[in-house]
Structures are given as structure tokens and as C-alpha cells.
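Here is a short report on one structure.

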Amino acid sequence: MANSLRYFVGNWKMFGVPGSYKILDKINQFYHKDQKNKNKYKIIMAPPDTLIYDFSKRFKNKKIIISSQNCYHQDLFGPYTGKVSPFMIKRLGVNYTLLGHSECRSAGETDEIIKKKFSLALKNNLKVIYCIGENKIQKRTKSTVKVLKKQILKVISKNNNFNNIIIAYEPIWSIGSGSIPSPSELKKNITILKNFIVKKFRIKSHPKFLYGGSVDKNTIKHFKSIKELDGFLVGGASKSSKNFIDIIKNFYK
Ligand code: PEP
């Protein structure tokens, strides 16, 4: 049910200065030496906007793909101080963007705003890593699947091309907390959602799903057996080359 290629995606959030490219250099070196597994996965890293241009040039012919962490919901140029449009992101040589991260949602992004970003990003030929996730109360009241389905339906539409969409399931209660869902619960939810999308959007193959939330070199072992997962979105542990590399090493151990 998982596509055989796995994705290890890092989200640096508000972290990094120009010299931080060295972290990616080390990850890139590891990748090239990883003869046994390197054809089984892709590495995508989302540094802040300040570093995207430099990093996308530096890693252009290397194996680390650069993503943005977000983009604005208006395109091209305009009177929007501090904002960066999908068109501007694409012109930096970037092919991916995260959208709908819970930290952006809690800063005021609604499903409607995310939907606009989503279609503009796809229109600009950016692939979208769309983040969804339930909060603690929604989990406690067993509304997880309902919340996730709603987040999917509010943003994705029938004419969107699933080849350019990766969904990242990130329970809000798990982000940065050290708590993770049980593997059986995670497997069950991902399976339900993949089947739901296939049916609802009438697509032929299962969409790609990542898991994100407190993934590190220790927790990764709990996810190894979940074949339905196509990879991981890593926050805190992506800021250190060693931690990020250890996640990949332990996944394939
Ligand atoms: C994230 O913010 O996308 C994330 C998954 O964070 P962390 O890995 O630190 O929980």
C-alpha cells in the first residue's frame, strides 16, 4: 500500500543562518555513502525563506530537495508586506512547499486560506506537502478521522493532481511533545484516510502519506512496521545532521 519510495522531510521552522548549509552538506554526504538504501528514499528539507535561494543553488545537483515552509495566498507580486507568493518561491528554484502546518493554522490560517495557497502552489508547479492533524481534545473525543477528512475535503478538490500532493498527518498533540500515536492506531488511521481519498477523488493509486510529530532516532523504530506510511516529516530532529541521519539509519536497520 505504500509506494516503495520513502520520503524523509525536514522542517527547520525559524532556524538557520547562511552557514547552516553545512548541516545539509553532511546529510548529503551520508546519502551518497548509503549505497545499500539510498535508492529507497528521498530527502526534502524546508529551511526558512531567507535561506531557500542559496540552498536551492547549492544543492541543485545533489540529492537534497529544497522546499519552502509556506507561501502566501495571493500570487505574483502585490501590496502584501512581508509575504512571499507561490510564483516567487518557484522562481527560487524550489519545487516543493509545505502548507497547512498546525503552527500556521494556529497563527490564523483558515481552511479557506490554505485552499487558495494550495491551488496557487499547484498552479505554479510546486508539489505540496499538505499538513493535517487533530488536537488533543479532538483525539480524546475520538474525532480524529472526522477532523482529518474535513481538513482534506476543505482544501483538496477533484481536479487536483495527486502526483503533486503528499499528505503529512501530524497530530498537533504530538508535535514537539515527545508523545506519539500507537503504531496500530496510526496504521488504522492512515489506511482509513488512504482508502477514503481513493474513493472520494476517484484516483487509481493510494495517495502518499507521511507521519510527523516527535519523530527522532528513538521513536522511528515504532513506525518501521507501518507499510502504509510513505515517510516522515521531522521538525526538531531535522536541525542536526546527526539526528536526521540517525533517523534514516534506524529506519533501515
Ligand atoms: C513539525 O513541526 O512538523 C514536527 C513534526 O515537529 P517535531 O518533529 O519537532 O515534533
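## Nonpolar cores

Phe232 is in contact (heavy atoms within 4.5 Å) with Tyr7, Phe8, Val9, Leu210, Tyr211, Val215, Ile220, Phe223 and Phe251, leaving aside its neighbours within four places in sequence. This is a predicted model, in which local features need pLDDT of at least 70 and side-chain atom pairs count only at pLDDT 80 or more, while totals for chains, interfaces and linings use all residues. Residues are numbered from 1 along each chain as its sequence is written, and side-chain values use heavy atoms, with hydrogens and water left out.

Phe232 and Ile156 have the most contacts inside the largest nonpolar core, which has 58 residues. A nonpolar core is a set of buried Ala, Val, Leu, Ile, Met, Phe, Trp, Tyr and Cys residues joined through side-chain atoms within 4.5 Å; buried means under 20% relative accessible area (1.4 Å probe, protein chains only). A second, separate core has twelve residues, including Tyr96, Leu98, Ile129 and Leu210. In soluble globular proteins, nonpolar side chains tend to be buried together.

## Around the ligand

The ligand is surrounded by 14 residues (a heavy atom within 4 Å). The closest are Lys13, Glu170, Gly176, Ser214 and Gly235. This shell divides into three nonpolar, nine polar and two charged residues, with Gly counted as polar.

For Gly236, a polar backbone atom is 2.9 Å from a ligand oxygen. On its own the ligand has 290 Å² of accessible area (Shrake-Rupley method, 1.4 Å probe), and the protein covers 95% of that.

## Cysteines

How many disulfides does the rule count? The count is zero, a disulfide being a pair of cysteine sulfur atoms within 2.5 Å. The sulfur of Cys104 has its closest cysteine sulfur in Cys131, 8.0 Å away, which is too far for a bond.

Cys104 is buried, with a relative accessible area of 19%. Cys131 is also buried, at 1%.

How values were computed:
Polar contact = N/O pair within 3.5 Å; in protein donor to acceptor, adjacent residues only side chain to side chain. Buried < 20%, exposed > 50% of the residue type's maximum accessible area, 1.4 Å probe, protein only.
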